Amino acid sequence: METDEEDVSRVVPFQLQFDKPVASQIKIAEWNPEKDLLAMVTEDSKILLHRFNWQRLWTISPGRCITSLCWRPDGKAIAIGLQDGTISLHDVENGKLLRSMKSHTVAVVCLNWEDDAGEEVSDGNFVPKYEDRTSRFFPPAPRAPRMPGLVPGETGFMDESENLSQELSNSSHQRFNILCSADKDGIISFSIFGIFPIGKIDIHDFSVCCPLANQQVDCKLLNASICKVVLSKDLCHLTVLCSGELQVPEHNLHGFHCLTLDTSIFYKRRNELHQVALQASNIEDLAEVFRASLSVMSKQWSDAMHTFHDKFDSLSSLIHDHGLDSTPQEEFLSLIGGARTSPAVHQFLVNSLGEVGLKRISKLVCGAGKELEVIVLEHLQPAAEMIGFRIGELRGLSKWRSRYQGIGLDETLISNATEKASMLLIQVQRFMRVLSSSVQQYLYDQDPVRRLLESTEVDNSIEVDLETMERVQELAHFGGFTDFDYLRRTLAKEFQQMESCFKEAFQMPFITISKKILCQNLLPLFPIESISKSASCTVPTSISYYKEEMHSKQHSFVDYISFILPDEPSSQLANCIVVMRCLMNNDLEAVLLCLPDGYHCIDLSLYKECQLVLLLNGPSSENVEKACMTIVQADDLPFASIPSSEASSPWKLHELQDSIVYLQMDSLKVRGIPHSVIAPLAVSASRGVACVFATRKRALVYILDEDEDEISDAD
């Protein structure tokens, strides 16, 4: 006869893998979608990356409070949302910073990174997959030169052995993906590959029709706080769960709402957006190389000139002391011309400078000139050439108006940016000529090199004679370019103007896409009386999308939304879990799961094949709280269509209170946990593991084994 313990072990689907102590409580945890890696955020805002066997790979600390985290779909990068609105992307291999973007001005409360489902676009106009042709004509992209004096590990300029943004910028081999981020003020941002901003919306700006009392009435969200945002697998819509005040005629509905946004533009124009994002993001990387090169060159030349003036400025004092009415330049010209050395110059050369000092200064300045030439040839010029090629590719695409005008690729703006890129390349060639012929001009107090590198806000216009300007204007009529004042600008000023044109050109797709993200539906789910207008509502939620086979052998994406219903004093829906699903025709169904007395849901997460994993704290026993994990098959639940609400009861979930499903713990697959637990519950569908973090700062990892006969109690 089998014992009760043996009977329990047969139905327990969770096998304890390990129970490890952690130095600080974990508040966020996410499994890598492709590898056996677990990223965790601690209460002291450190990010820990562990393998499944609990081997720690790296730990980083951004120095600011971490508020959200998510993985790139291929698992090679991780996005981190910070309290100040910054989103930082880190390499999975070593945790190094790949890119940092200030997408928001307040805390980033949630992140979601999704790639397309791989289905072909079927809008009647076939667009072939884009192939980046840059590698056919150019060697690998140049890297930013190292600033003299920096030691390895210092930020600001890249080490020669590193190219931290290469994985992000070289995105031609990646599937089209979009990073979605939301902040606590209700702003949602979108970026392609996580690096190219492509849209931003404010959920408070939507004024939509909401079905109340069997009619459509205008409504608007006020003081909304976002809890969760998730893009569908086909990128066609975005689900937003938020708390706030829904303003409708005659009364306001203060509670929890579900907002559905139409983001089908990402699906319909994904090939075009992929091409634009690829070229634009690489142009931004190359512009950073150009900017860093200018900075390094300016510092190197400035240091050389500073050393030169430290020695030669004393000559002016000697000339004045000897009562000579001349300048250092005139004295040197007289000396070079074969005239007798003046007492002031003689004293300077013999006592102040000396032969060794003169050779050292000459070598220093000439060496600085050669270093600048190397930077131009190896970094600055290749970057300028590749920028010109890539913006030229975009200019060609902008002429296909039927495909690219709809995503904001404006032909006029791109053409202006192309001309600026061409002018920049001309300025680089001009700088090389000046550098090679003017290194010795420092002896005459002329420094055309410094003048071309200056990037201050002061007017640094270069004087050009009238005859030259007239000739340039004549050439402009034959060459097609409209800007003939480029000779008056410095290299740094030319670069600034090019960046300004690029910013304007790339802002147009951002504005265009933002306008095409529309609200499909806004549903008031349930009231929350205890929160103020300014307070955020933290509701544990989980949203997952599953591909289902249809009768026509086509695929459909069904999104399952689950969350814990907050306990309200006046609510009849106490201790309930809500599971909703949106079908292909946008019909919404829901079911309410009521937990047994004494059990309280701490966290939940949707697992593969529509399974819902629940993390529960159970009833107290001998002053020791017991927790457990269990699985509910979501697609077997008795879903009911959410009916149209009456004016007297607009809340959707209240319509289902007569059909609540009461969970029976005896009939479920339950695994007991010897600790009271807190969120998060991190579930990985690809590896079948669940991770629980206990209140006593211990990490518990369980294997989710579906073969009950092979499960043994690890305790």
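The paragraphs below lead from the whole chain to a hairpin and then to its aromatic rings.

This is a predicted model, in which local features need pLDDT of at least 70 and side-chain atom pairs count only at pLDDT 80 or more, while totals for chains, interfaces and linings use all residues. Residues are numbered from 1 along each chain as its sequence is written, and side-chain values use heavy atoms, with hydrogens and water left out.

The secondary structure of the protein chain comes to 13 helices and 31 strands, where helices (H or I, at least four residues) and strands (E, at least two) are DSSP runs numbered from the N terminus. Of its 715 residues, 53% count as buried, a term that stands for under 20% relative accessible area, with exposed meaning over 50% and partly exposed lying in between (1.4 Å probe, protein chains only). Among contacts (heavy atoms within 4.5 Å) between residues at least 6 apart in sequence, 63% join residues at least 24 apart.

One local feature to look at is the hairpin that β2 and β3 form, with five residues between them. Strand β2 covers residues 26–31 and strand β3 residues 37–42, and the two pair in the antiparallel sense over five bridges; strands count as paired if DSSP finds at least two bridges between them. Within this pairing, Ile26 has Thr42 of β3 as its bridge partner.

Turning to the rings, a search of the whole structure finds 12 aromatic pairs, which are rings of Phe, Tyr and Trp (its six-membered ring) with centres within 6.5 Å, counted as stacked when the planes are under 30 degrees apart, as edge-to-face when over 60 and as tilted for the rest. One of them joins Trp31 and Phe52, whose ring centres lie 6.1 Å apart with planes at 45°, so the pair is tilted. Because Trp31 lies in strand β2 and Phe52 in the loop between β4 (47–51) and β5 (56–60), this pair ties together parts that are 21 residues apart in sequence. Trp31 is buried, with a relative accessible area of 8%, and Phe52 also counts as buried, at 18% relative accessibility.

Another pair joins Phe196 and Phe506, with ring centres 6.1 Å apart and planes at 85°, so this pair is edge-to-face. Since Phe196 lies in strand β13 (residues 196–202) and Phe506 in helix α13 (residues 491–515), the pair ties together parts that are 310 residues apart in sequence. Both Phe196 and Phe506 are buried. Elsewhere, ring pairs link Phe137, Phe138 and Phe389 into a cluster.
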